[in-house]
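Below is a short note for someone opening this entry for the first time. The points can be read alongside the sequence and the coordinates.

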Amino acid sequence: MYRLFKFKKNLKNYLFDHPILKSILENGYMTIITALSGLVFAFGFNCFIQPNFQAMGNALEGVNVTIYHLASCGASGISQSLTTILKLCGLEFMTSEIHYNIMYWCFYFVVNIPLFFLGFFKVGKKFAIYSLLNVGFASLFGILIKSSDPNNIINLIGAKMATETVARVLFAGVCTGIAAALAYKIDTSAGGTDIIAFYISEKKSVQVGKWSAFFNLIVVTVYSILSIMPLDETLFPTSGGLGRVEPQTAIIIFMFTILYMIVVSLVVDTLNTTNKKYELKIITPNYNLSQSIIAAIPHGCTIIQGKGGYSGKDLYIIDIAVRKSEVKKVIKITKEIDPSVFINVVPMDQVYGKFYRKPIK
């Protein structure tokens with residue numbers, strides 16, 4: 001453990017003296033995480049939300065599939081609505097699942113462009129660029145991993161999960177949540193309404209899950225309405241999964257999508273700890289301990305004079321609010337200065353007032 005700590009310290013000092021190399025490594029790391037985020041989302045969408053049932057052929061013989069395509073959320077859901085509108089216009093190009101998929105991912109990229117400008121001017125340039133890059137990776141992977149080969153791994157999984165709608169919803173929600181959380185970990189987003197939610201969460205310093213759910217609810221409602229409108233059944237047979245759905249089926253899809261949004265929100269808020277805050281009550285006889293703490297972290301504190309109930313000695317209670325990622329650092333500093341310190345760590349739902357947040361680049 002000591003060698004690892006020493007190596008990290010030496011590496012940090014080395015990169016501090018070599019800013020160009022540091023910038024290259026940071027951007028390389030962010031690009032890898034961004035690509036992984038895009039791949040996870042594309043896999044979840046093509047495998048669980050919108051599988052290629054046309055390519056599964058014999059694998060679905062005798063299988064009663066009631067729900068072919070689930071509704072998605074955010075920019076993904078908007079793209080589904082736009083492709084549905086093209087189907088309503090009777091474009092023969094949309095009869096192929098592969099063509100449908102290509103058009104979907106093209107819409108997905110285009111829909112994110114206006115949101116890119118919102119992120120660029122209101123959040124941060126680097127944030128916006130990597131968010132758009134995330135969308136680009138997702139669109140690219142979404143097109144590449146879709147296949148008309150029934151033996152393709154994505155299609156084999158889709159065939160096995162054809163009648164397991166609840167499992168599809170859960171796995172899709174986990175994939176989307178992980179994709180979004182990976183992006184949040186490097187102070188970017190997975191695009192779509194995540195950009196809007198990130199902007200609001202930074203302004204209000206709250207968890208992003210509930211904001212995403214609010215925007216997504218509107219998108220899903222629109223898609224559900226479009227899905228029950230009549231199509232030219234000679235071009236879009238219901239058996240292919242591309243035709244009109246019955247109103248009762250649309251309602252079921254809507255309810256499953258609510259479950260999907262809940263899973264996404266839970267996964268994002270569990271993995272993304274950026275806005276999670278804790279209150280630390282540090283009880284110590286050392287008044288100067290507070291100065292060491294605020295010198296190491298960008299937050300102020302409040303000092304309350306007290307007296308030990310058992311010892312009767314004069315004590316100080318240092319009350320400070322920090323991010324979850326800063327808790328261990330504060331504890332380490334206090335224990336080094338006062339080994340007998342007593343620390344109470346309490347999770348917080350919300351903080352009102354000035355609370356320092358590192359600017360998003």
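1. Start with Asp187. Asp187 sits in the loop that runs between α7 (165-185) and α8 (193-204). Its backbone deserves a look: Asp187 is not a glycine, yet its phi is positive, at about 60 degrees. Please keep in mind here and below that this is a predicted model.

2. Overall make-up. The protein chain has twelve helices and four strands. Of its 361 residues, 46% count as buried. The accessible surface of the chain comes to about 18800 Å², and carbon and sulfur atoms account for 66% of that area. As for contacts between residues at least 6 apart in sequence, 75% of them join residues at least 24 apart.

3. The sheet. In what order do the four strands of the open sheet lie? The order is β2-β3-β1-β4, and the pairing is antiparallel. β2 (302-307) and β4 (342-348) are the edge strands; each has a single partner strand, so one side of each has no neighbour in the sheet. From one strand to the next, the twist averages 20 degrees.

4. Strand β1, residues 277-284, and strand β3, residues 314-323, are joined by eight bridges in the antiparallel sense.

5. Which strands does helix α11 (residues 289-296) touch? Helix α11 packs on the sheet with contacts to β1, β2 and β3, and its direction makes about 10 degrees with that of β3. Helix α12 (residues 324-337) also packs on the sheet, where it touches β1, β3 and β4. The direction of α12 makes about 150 degrees with that of β3.

6. Cysteines. How many disulfides does the structure hold? The number is zero. For Cys47, the nearest cysteine sulfur belongs to Cys175 and is 7.7 Å away, whereas a disulfide would need the two sulfur atoms within 2.5 Å. Is Cys47 buried or exposed? Cys47 counts as buried, because its relative accessibility is 0%. Cys301, at 29% relative accessibility, counts as partly exposed.

Terms used: Residues numbered from 1 in each chain as written. Predicted model: local features only at pLDDT ≥ 70, side-chain atom pairs only at ≥ 80, totals over all residues. Heavy atoms only, no water. Helix = DSSP H or I, 4+ residues; strand = E, 2+ residues; numbered from the N terminus. Pairing = 2+ DSSP bridges. Axes fitted to C-alpha atoms, helices over the stretch in contact; angles between N-to-C directions. Contact = heavy atoms within 4.5 Å. Buried < 20%, exposed > 50% of the residue type's maximum accessible area, 1.4 Å probe, protein only. Areas by Shrake-Rupley, 256 points an atom, 1.4 Å probe, with all protein chains shown as cover.
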